[in-house]
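Hi,

Here is the structure I said I would pass on.

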Amino acid sequence: MGPRLQDWKQEINQCASLRDLEDIRIRLLGKSGEITQMLKNLGTLDAGQRREKGAEINQLKEGVRLCLEDRHALLAAQALDDKLAGEAVDVTLSSRPEAVGTLHPLTRTLEEITAYFVNAGFSVAEGSDIEDEEHNFTALNIPEHHPARQSHDTFYLNAPGMLLRTHTSPVQIRTMKATPPPIRILSLGRVYRSDFDATHTPMFHQVEGLVIDQGTHMGHLKSCIIDFLRHYFDIADLPLRFRPSFFPFTEPSAEVDIGCSREGNALKIGTGKDWLEILGCGMVHPKVLLNCGIDPDIYQGFAFGMGLDRITMLKYGLPDIRPFFEGDARWLKHYGFSPYFPAGA
Ligand code: DAH
């Protein structure tokens, strides 16, 4: 018995492939394998011999099994190494600069703004393009027949009460209903209004910010907006003014203008005597807080909203929004950004 085990072990240890190893296993331990057969033959022996032989064969079987197991582990590891080596990618291959795409200016703005606010402790909240009147208007304190509803040139869907969101503000409502304060969110995305000219497309983009906490006041709102706009336009002393305004969902409300000059057709941001409207903001209206189950005697907050397309156009001096969505590769090549540098770098 001893020499036999030695022969089998040698055969197993010389076996070079998992498939051959499997053949050996079947030949020895399979249903009609040699060792299995030996065990079956035990039945023909008398009781005394059977016990002795039985123990011997089981020892042999165990020896073969362990040897097969070790060899299997070794061959499997080798097979994996070979596979990995075969699939290796040469990362030192240089790129083909002529084949590299560019980031759409809007994507660049979106990434830049997200990076800025995430750094300031905001998290990004997702909304849905399809909304209902309740979240897009009613909960935002814009009741039916309120003129603000008409001014939004809403696309209504066939399903009753459903529409394409006209602004990102419904994300405020959904967040406040779902999350207990404190809240600091930013929501960026597509919005829709039936309007089309050089500065309006039926689909455009907004970014919405919302902060809710105890003791939040107008000073927090002002510093948040001032710091952001000076960072975004990269002008440390960018002149700004908060002009009283009206939004149904904020009280008080303000529009923010930045200083600029308009000479002929040239718009210059940061200098001059003119003002350019850039965003809407305000302290969240107590009724809006109540609509979302937040006690306005405990929590206050501020919100702001602005057009992403518009601030992108202003920063890069693009006069017309329409080419943003025409998908012309030449335009993208000209106005796009290198994808290799992270936003804000
Ligand atoms: N939702 C407004 C609009 O589309 C923009 C806006 C103004 C959002 C003031 C706000 C805000 O959050 O406080 O015209």
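First, some ground rules. This is a predicted model, so local features need a pLDDT of at least 70 and side-chain atom pairs count only at pLDDT 80 or more, while totals for chains, interfaces and linings use all residues. Residues are numbered from 1 along each chain as its sequence is written, and side-chain values use heavy atoms, with hydrogens and water left out.

**Layout**

The protein is split into domain 1 (2–86) and domain 2 (105–335); bounds like these come from an automatic or database domain assignment. The C-alpha centres of the two domains lie 72 Å apart.

When I write H or S plus a number, I mean a helix (H or I, at least four residues) or a strand (E, at least two), taken from DSSP runs and numbered from the N terminus.

**The ligand**

How many residues surround the ligand? There are 15, and the closest are His167, Ser169, Arg193, Gln206 and Glu208. Three strands each supply at least two residues of the shell: S5 (203–213), S9 (274–284) and S10 (300–307).

Now zoom in on the ligand's oxygen atoms. A polar side-chain atom of Arg193 sits 2.9 Å from a ligand oxygen, and a side-chain N or O atom of Gln206 is 2.9 Å from a ligand oxygen. With Phe304 it is a backbone N or O atom, 3.4 Å from an oxygen of the ligand. These are polar contacts (a pair of N or O atoms within 3.5 Å; within protein, one must be able to donate a hydrogen and the other to accept it, and residues adjacent in sequence count only if both atoms are side-chain atoms). On its own, the ligand has 350 Å² of accessible area, and the protein covers 90% of that. Such areas come from the Shrake-Rupley method with a 1.4 Å probe, and for residues only the protein chains shown count as cover.

**The core**

The largest nonpolar core has 41 residues, and those touching the most other members are Ile113, Leu229, Phe233, Ile258, Ile278, Leu279 and Phe304. Among the elements that give two or more residues to this core are H5 (105–119), S4 (183–192), S7 (250–263) and H11 (308–316). Helix H9 (218–232) is also on that list, and H9 makes the largest share, with 6 residues. A nonpolar core is a set of buried Ala, Val, Leu, Ile, Met, Phe, Trp, Tyr and Cys residues joined through side-chain atoms within 4.5 Å. Buried means under 20% relative accessible area, exposed means over 50%, and partly exposed is in between (1.4 Å probe, protein chains only).

Is Arg165 buried or exposed? Arg165 counts as buried because its relative accessibility is 3%. You'll find Arg165 in the loop between S3 (162–164) and H8 (170–178), where a polar atom of its side chain lies 2.7 Å from the backbone oxygen of Arg190.

Arg149, in helix H7 (147–151), is buried too, at 7% relative accessible area. A polar atom of the Arg149 side chain is 3.3 Å from the backbone oxygen of Pro143.

Val207 belongs to strand S5 and is buried at 0% relative accessibility. Val207 and Asp309 are 102 residues apart along the chain, yet their C-alpha atoms are separated by 9.8 Å.

Most residues other than glycine have a negative phi, and most peptide bonds are trans. Where are the cis bonds I noted? One runs from Pro181 to Pro182, with omega near 5 degrees, and Pro182 is in the loop between H8 and S4. Another joins Glu251 and Pro252, with omega about -5 degrees; Pro252 is in strand S7.

Asn141 is not a glycine but has a positive phi of about 65 degrees, and His145, not a glycine either, has one of about 70 degrees. Asn141 is in the loop between H6 (133–136) and H7, and His145 is in the loop between H6 and H7 as well. Asn141 counts as buried at 18% relative accessibility, whereas His145 counts as exposed at 69%.

Cheers

Key
Near = heavy atom within 4 Å.
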